[in-house]
Structures are given as C-alpha cells and as structure tokens.
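Student: I'd like to go through this one with you term by term. Please tell me each time what the word rests on.

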Amino acid sequence: MMRYMKEVKSRNQTEVTEFILLGLSNNSDLQIALFGLFLFIYLATMVGNLGMIVLIKIDPHLHTPMYFFLSSLSFVDASYSSSVTPKMLMNLVAENTAISFNGCAAQFYFFGSFLGTECFLLAMMAYDRYAAIWNPLLYPVLMSVRICFLLVATSFLAGFGNAAIHTGMTFRLSFCGSNRINHFYCDTPPLLKLSCSDTYINGIVIMAFSSFNVISCVVIVLISYLCILTAILRMPSLTGRHKAFSTCASHLMTVTIFFGTILFMYLRPTSSYSMEQDKIVSVFYTVVIPMLNPFIYSLKNKDVKGALKKILEKHVL
C-alpha cells in the first residue's frame, strides 16, 4: 500500500500542467506568411458567417426552415473556427506557444462540440431539402417552427454530448512525460501519443463514437438525396427539375466538402497516417471550410443574393 502511494505521489509530481503546441512550421518567414493568410481567412470567416446570420434575421423573405438551418450552420462555423484559429494566429507570432492543461481541455471540448454539431446539422438540412422536394404541400407541416427548433437542438445536444465523452476519456489520462503536441491545436491523436496511461480503451471508445456519428450522418444524407433524386426525376417539367436541384446545390456542395474531408481524415489505413499530412487536412476543415460555407450559399442561392442586393442598395448605395 505504501509503495502504491509513493508511485501515485511520484506520478503527480511530474504530471503535465501545460502543453507546447509545435504548430505548422518552425520557419519564421513561413510563419509570418501563414499568419497573414490565416488572419485574412479568419476575418472572411467571421464576416461571412455573422453577415449571413444578420441577413437572414433582417430579411422576412428568408424566415423559412432552410434559412433557419443555414443561420444555425453559420453560427456553428464561426464558433468552431474561433475555438482554434485565434490561438493558432497567436502562436505563429509569439515566442511562447504554451497552452494550459485546462485551456487545452476547453479548446478540445468546444472544437469537438461544434464540429460534431455541424455533422448532425448537415444531416438535418439534407432531410429538410428532402421534405421540401418530396412533398411540397406537406412541407409546412413536416418542418414547422417547433420541429425545426427540435432538430437544431438535437444537433447541438448530440454534438456537445459526444464531445463531453471524448474530452472526459482523453483528459482523464495521465500526461507525465513530454508535453510537446505536434499540432497547431489540441487534437486527439497527438494527445494520446503523449499520454503515459494505457490508451487502448480510449482508442476503442473514440473510434466507436466517431464512426457511429459520421456514418449515421452520411447515411441520412445519402438516403435523403436518393429520395430527392427520385422525386426530381419524376417531375415532368425540365424547369421544375432544374429549380428543385438548384435549391439543393449549395447544401450538396457543402456536404461533399465537409464529409469528404472528415472521411479522408479518419477512414484511412493506419499505415498511411502522417502527422504532417494530418496538419494540412486539419487546416482545411478547421480554417478553410468555415470560410467557404457562407460564400457557397451566397454565390449559389438567388434568395440570398437578392436579399444582399436589397440591403446594399438601401444602406450603402
């Protein structure tokens, strides 16, 4: 018993209290260039997503289920980008790239929460497009205000609940060796590599939850679009087919980019894993994708472009 207490005491004395984020590169010239690039992307992300939320809020023509989901998506994009990008920007120009243990856990939790929420939200948006095209007459009943709110709330609950499990499983581990994270934010694989505890159970639980969440969302999206395609092909009018498909084009592009990146990241063979490659892919879905979504919906959606044009003509021109 005394020997066990000594081992626990010794371990606690060397327990990690902060982590060092190694970032994307040690090259100072490259870091300055990356800082300018990512600062521009982050500002564009915030302006695009917050602008989309305001636009939907002030234009009565956009007070429909589709745009309610879109405003929720914009909030999630702005939030999960903000959980990673500001710290990454600071570390690109700072000498000290440390992050406290609690700060790392908070970043891990909120990034995972909003990323998971986006996964479920995109699946709900696919169902919304299916309901609108498959049976337009019943659409107001199928997607009432109450049902839309419940679907969005369920997405947030699932995302935050899943992240709580991931965070609890990861930060219950002991970190008593190196504290240098080979990444630009606190992510699961590099943290598990640093742990001096047995991470086998963590790997099984995290893989099980991640696989279930991603695969279930992808299945919902695929089934929804299969039904949408069937409904479109049954339409006698070519104009009606084009109009129906155009309402799905933006969401389909967003879904393809998001889930394509996630599936590439997590469903590769273990032998092909490369930390440097993972960093590049991580930059894409943590920094770039949140910026792309509002521009995809702006460029591909006549209602959004029309509302934006009216606002600009009224308040700017």
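Tutor: Happy to! Let's begin with strands: two of them pair if DSSP finds at least two bridges between them. Helices (H or I, at least four residues) and strands (E, at least two) are themselves DSSP runs, numbered from the N terminus. This is a predicted model, in which local features need pLDDT of at least 70 and side-chain atom pairs count only at pLDDT 80 or more, while totals for chains, interfaces and linings use all residues. Residues are numbered from 1 along each chain as its sequence is written, and side-chain values use heavy atoms, with hydrogens and water left out.

Student: How do you know that strand E1 (residues 18–21) and E3 are joined, and how do they run?

Tutor: Two bridges link E1 and E3, and at least two is what the rule asks for, so they count as paired. The two strands run parallel. Within this region, Ile-20 stands opposite Arg-180 in E3.

Student: What is the order of the strands in the sheet?

Tutor: The order is E2-E1-E3, in an open sheet of three strands with mixed pairing.

Student: Why are E2 (98–100) and E3 said to stand at the edges?

Tutor: Each of them has a single partner strand, so one side of each is left without a neighbour in the sheet. Helix H5 packs on this sheet and touches E1, E2 and E3, its direction making about 85° with that of E2. Touching here means contact, that is, heavy atoms within 4.5 Å.

Student: How many disulfides are there?

Tutor: There are two. The rule for a disulfide is a pair of cysteine sulfur atoms within 2.5 Å.

Student: What makes Cys-104 and Cys-186 a disulfide?

Tutor: Their sulfur atoms are 2.1 Å apart, and that value is within 2.5 Å, so the pair qualifies. The torsion about the S-S bond is -130°, and the link is left-handed. It joins distant parts of the chain, 82 residues apart: Cys-104 is in helix H5 (residues 101–134), and Cys-186 is in the loop between strand E3 (180–181) and helix H8 (188–194).

Student: Are those two cysteines buried or exposed, and how do you know?

Tutor: Buried means under 20% relative accessible area, exposed means over 50%, and partly exposed lies in between (1.4 Å probe, protein chains only). Cys-104 has 0%, so it is buried. Cys-186 has 2%, so it is buried too.

Student: What about the link between Cys-176 and Cys-196: why is its hand given as it is?

Tutor: The S to S distance is 2.0 Å, and that is within the limit, so the pair is a disulfide. Its torsion about the S-S bond is about 135°, so it is right-handed. The two cysteines sit 20 residues apart, with Cys-176 in the loop between helix H7 (145–171) and E3, and Cys-196 in the loop between H8 and helix H9 (200–233). Cys-176 has 26% relative accessibility, so it counts as partly exposed, and Cys-196 with 41% is likewise partly exposed.

Student: What is the pairing if the bonded cysteines are numbered in sequence order?

Tutor: It is 1-3, 2-4.

Student: How do H5 and H7 pack, and what is in their contact?

Tutor: Their angle is about 145°, with axes 7 Å apart. Axes are lines fitted to C-alpha atoms, for helices over the stretch in contact, and angles run from 0 to 180 degrees between N-to-C directions. The contact residues divide into 19 nonpolar, ten polar and no charged. Nonpolar covers Ala, Val, Leu, Ile, Met, Phe, Trp, Tyr, Cys and Pro; charged covers Asp, Glu, Lys and Arg; the others, Gly among them, are polar.

Student: What makes Ala-163 count as buried?

Tutor: Its relative accessible area is 3%, so it falls on the buried side. Ala-163 lies in helix H7 and touches Tyr-109, Gly-112 and Ser-113, leaving aside residues up to four places away in sequence. The C-alpha atoms of Ala-163 and Tyr-109 are separated by 5.7 Å, though the residues are 54 apart along the chain.

Student: And how much of the chain is buried?

Tutor: Of its 317 residues, 46% count as buried.
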